[in-house]
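Here is a request for a close look at one part of the model.

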Amino acid sequence: MHFSSLSRLMAGAAVALTLGTAASATECIAPANPGGGWDFTCRQIGKILYDIGAVDQPVQVTNMAGAGGGLAFAYVVNERNDDPDLIVAASSATTTRLAQNAYGGATADQVRFVGAIGADPGVIVVAADSEFQTLEDLVEAIKADPGSVAFAGGSAAGGFDHMKPLQVLKAGGFDDIRAIKYIGVDGGADAITQTVGGFTQAMTGDMSEVVGFVKSGEVRVLAVLTEERVPGFEDIPTAVEQGYDVVAVNWRGLYVPKDITDEQFSAWGEKLQMVADSAEWQEAMAANGLAPFTKVGDDFQSWIDGVIAQTVDLSKEIGVIQ
Amino acid sequence: MDTLANLALGFGVALSPFTLMLAVLGCVLGTIIGALPGLGPSNGVAILIPLAFTLGLDATSALVLMTSVYYGAMYGGRISSILLNIPGDEPALMTTLDGYPMAKQGRAGDALVLSGVASFAGGLLATIGLIIMAPLLARVAYLFGPAEYFALYLLAFCTLGGMASNNQAKSALAACIGLGIAMIGLDNTTGMPRFTYGNLHLMDGVDFLVAIVGLFAVAEVFFFIESHGKDSAIGVKLDKITIPIRDIGRSTVTMLRASLIGFVAGVLPGAGASLGSFLAYMGEKTVARDKDTFGTGNPKGIAAPEAGNNAAAGGALVPMLTLGVPGSGTTAVLLALLMTLNITPGPLLFTERPEVVWGLIASLLIANVVLLILNVPLVKIFVKVLMVPPWVLLPGVTMISFVGIYSLSGSYFDLLLMVGFGVLGYFLRKMDVPTVPIILGILLGNAMEDSLRRAMVISSGDWTFLFSSPIAIGLWIAAFAGFIAPIFLRPFLKKPQRITD
C-alpha cells in the first residue's frame, strides 16, 4: 500500500461523506452506534421508504452516538431545526430521558414527534427453572423480602427497563420501590444470560430481546405489559389480566425538527403510515418480535405528551429527578 | 458427520465466483481499514454496511462481505503497529510492544509475515472452535456473573505490573490515570453523570480510540516537530524480505496457547479481542524462558497477541450467534446487520437457519485463507510504506487520524480531546511513563467497575460474594500470583530494555 494511494482513498471517503449529507437526500439520524434499536429503526424504515417509493433517493443513515441520544437531540435542535429532509430515530428511551432531564436541559417540545410504527412489548421474565410461576408469586416474594429478588435489565438505573418492575410493584401495592434491586447490564440478551445463570432472579426487558430464549425453553415470561395478549404469543398472560394495571411498550418511531411547516410534518406522518402498511414492514416486525402499534401525526404528539407527564411523576418518586 | 455435512452445505452457499470475489474485496478493504489508525473493525464494518445494501446483496453475500472485512481489519491492525508503533485498532495495541522493536532491527518484513501467520493460526483455530463447540460454549456465558467478571478484569490489571516498562511504579501510575479517565461519563449503576461538567460530549465517557490515536499518533507528531524531523521514530531500516521459517517454527506452541486464551476471552461477552490479545501476551511472557527479551522484538511477543486477537474475533461470534449477545464492538455491528436482514440470532439460529450459520462459518474459513495469501506473499507492498520519507508520512498519518476520529461521532470535540491526549502522551513519554496501561485502564476500567457494583447490588453489599464460585476463586488466585510473582522473581531476571524512542 503506497502512501499516496492511501491518501487518495481517504480523500475519496471524505468526498463521499460530504455528498451523503447533501440536502437533496433524506437523512435519518440514529442517535447511537450501529447495532441497537435506533439503528435498526433508521435502517429498516429508511430501506422501506425507498423501496415503496416514498422517497426518490436512498435514505442516508448517520450514526450519531452520544449521551444516550442527547448529542443528536442537541444537534438537531441547534443546527438542523428547519431541515425538512431530516428524520431521527426515537423510542421510549428518548422520552424517558427527556422527562428525566438527561439531555442537558433539552425538553420534548423542542422537536416534533411524528409517529411510531411498531412497539416492543415490555416483559417480566424468569429462568425456566425459577420457583416463580406467576407474576403474583414474584410480587409477593418481593413484598415479603425486597432483598431476595434482583432484576437485570438492559438500561441504566432509572431507565425504561428499570421503570417496568417498579410500575408493576406499585400496582401490586408495594410502595417502598427504592428497595427493589436492579442492575443495568449491556442489553437485554446480557440481562437474560445473567438471569438464566442464576445471578439475578428476574429480567425486565422487551419482547424482541427474549423471543429466541422463550422458543428454546430457557426462560418463562411471567407477564407481558400490553393491554391485550400479543399476536403469536397468545399463551403469555398480560400483567393487566393478572390484576396489575401496567402497560409499558417500547415504541419505535421518529421525531423531526420543530421548525418544519405543518404540511411537511403531515407529509412525514403519511409516509410513515405507508411504511406501517407495507408488507415489508409487517415481515420485519414479525421477525423482530414487534407488535403493531401505529400512531402518526398530531395524534402521536399528544400521546407522547401524556407519557412524559407520567414518567416525570414516577421518576420523582424514585428520586431520579427532584 | 453432521458437522461435515453442515460444513458442505456452508461451502455450497459460500463458494461461488461472485461470493469469492466479495471475499477478496472484503479482505482488501478490511486490511486497509484495520491498518489506518483510528479506523477499527467496528467502524469499518459499520461504514461498509451501506455498501452491502446498495449492491443489493442477499443475506449470505452480505455476510461473506462483512465477515471478510471483519477478519481483514483484525489482520490489518498489526501493520501500523509494527511499522509505525501506532496501533491500527485497539486489539493491535499489544503487537506494538515487540513488533515495532523488531521492525527497528530491520526485520519489518519478518515481523509482518510472522504476525500474518499467527493471525491465520488464531483465526483458523477459532473458526474450528466455533464449528465444534459453539452450542456447547454458549453455556459458558451462563457461568460468568458479576463476581466472575470482576475477578477476570482484576487478573488483567494484576498482570500489568510485569508489562514492558523499566519501572513498575510508572506502569501502575499509568494504569491509574487510565482508570481515572474511565470514570468520566454516565455512571451505569445510578444513571448519574460523573466528571462531565454538564458537557454532553462527555456523557458517554472518553472513547478509547480517541485516546489511542492521541497518545500514539498525535504524540508522535509532537516528537517529530521537536526534533525537526531528525531521529524520528517513524521509518525503520529495511532489509530484504524472507519468510522467517525459524521464528515461525519456534512460535508454533505459542500460537496454539495464545489462540486458546484469545478464543476463551472472545467467547465471554464483553471481554473481547483487546483482553484476548493482552492475556495471550502476558500469559506467554509468564511461561517463556526468555522473558527478558520480551519488549525488545521477541518473535513470540508478536505471535502471541496476533494469534490471541484473531482467535478472540472468532470466539466473539459464539455468543453473538448462539445467544444474540455481542462479544465485542464489531460483533455488535454484525448483529445489527443480521437483524436488518431479518435474521434474529439466538438459541434457535443453528436449527432454524442452518444455511446462514454454516454459510457464515464457511466464509470465515475462506476469508482466512484469502488473508493469508494477501498478507504473506504481498507483504512487500505494505512495507513499501517505509520508503516514504517521514516528512510526508507523518502529516498523512495525522490527516488519517483526524478523519478517522471525526468519523466516530462527527463532532470536533473528539478532535480536541485527541489533541489533548497527544499533549498528555508527549509529556508522559518525556517522563518515561508507558502509555499502554493508560489505554487498558480506559478500555477495561468501566467494565470492571460495573461488575463490582453489580455484584454489590446483588449481594446487598456482602463482599464475600466476590469469592462465591470456584471460577471466581480460581481467577483471584491467578490474579494474586500474577501480581506477586514478578516481585519475587525480579532479582533473578534482567529488566527488559524497552526501546522507547
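Q: Look closely at α4(A): how many of its residues are buried?

A: Eight of the eight residues of α4(A) are buried, so to speak mostly covered. A residue is buried if 20 or more other C-beta atoms lie within 10 Å of its own, exposed if 12 or fewer, and partly exposed in between, with C-beta atoms placed from the backbone. First, some ground rules. This is a predicted model, in which local features need pLDDT of at least 70, side-chain atom pairs count only at pLDDT 80 or more, and totals for chains, interfaces and linings use all residues. Residues are numbered from 1 along each chain as its sequence is written, while chains are lettered from A and ligands numbered from 1 in the order in which they are written.

Now the helix itself. The buried residues are A:S92, A:A93, A:T94, A:T95, A:T96, A:R97, A:L98 and A:A99. They pack against α3 (70–79), β3 (86–91), α6 (160–171), β9 (249–257) and α11 of chain A. Helices (H or I, at least four residues) and strands (E, at least two) are DSSP runs, numbered from the N terminus. After α4(A) comes A:N101, with a positive phi near 55°.

Next, place the helix in its domains. The assignment for chain A gives domain 1 (27–120 + 250–318) and domain 2 (121–242). Such bounds come from an automatic or database domain assignment. The centres of the two domains of chain A, taken over C-alpha atoms, are 26 Å apart. Their contact takes 15 residues from domain 1 of chain A and 18 residues from domain 2 of chain A. Two residues are in contact if their C-beta atoms, placed from the backbone, lie within 7 Å.

Here α4(A) returns. On the side of domain 1 of chain A that touches domain 2 of chain A, α4 (92–99), β4 (111–127) and α11 (297–318) of chain A each supply at least two residues. The largest share of that side is from α11(A), with four residues. The residues of that side divide into six nonpolar, seven polar and two charged. Ala, Val, Leu, Ile, Met, Phe, Trp, Tyr, Cys and Pro count as nonpolar, Asp, Glu, Lys and Arg as charged, and the others, Gly among them, as polar.

Compare another helix of chain A. Nine of the nine residues of helix α7 (residues 188–196) of chain A are buried, so the rest of the structure largely encloses α7(A). Among the buried residues of α7(A) are A:D190, A:I192 and A:V196. A:G198 follows α7(A), and its phi is positive, near 85°.

Step back to the whole chain. Chain A has eleven helices and ten strands. Its radius of gyration is 21 Å, close to the 20 Å that the globule rule gives for 322 residues, so chain A is as compact as a globular protein of that length. This radius is taken over C-alpha atoms, and the rule is 2.2 Å times the number of residues to the power 0.38. Along the principal axes, the C-alpha atoms of chain A fill a box of roughly 65 × 50 × 40 Å. Of the 322 residues, 54% count as buried. Among contacts in chain A with a separation of 6 or more, 77% join residues 24 or more positions apart.

There is also a wider core. A nonpolar core is a set of buried Ala, Val, Leu, Ile, Met, Phe, Trp, Tyr and Cys residues joined through C-beta atoms within 7 Å. The largest one has 259 residues, and B:M66 and B:I439 touch the most other members. Helix α4 (residues 59–84) of chain B gives the largest share of this core, 16 residues. Domain 1 (27–120 + 250–318) and domain 2 (121–242) of chain A each give the core at least three residues. Leaving out residues up to four places away in sequence, B:I439 touches B:L93, B:G178, B:F208, B:A211, B:I212 and B:L215.

Last, confidence. The mean pLDDT (the predictor's confidence in each residue, from 0 to 100) of chain A is 85, and 92% of its residues reach 70 or more. Over residues 1–23 of chain A, pLDDT stays under 50, and the model has 21 contacts for them beyond four places in sequence. Where pLDDT is low, the predicted coordinates should not be read in detail. For chain B the mean pLDDT is 79, and 83% of its residues reach 70 or more. The model scores ipTM 0.74 and pTM 0.75.
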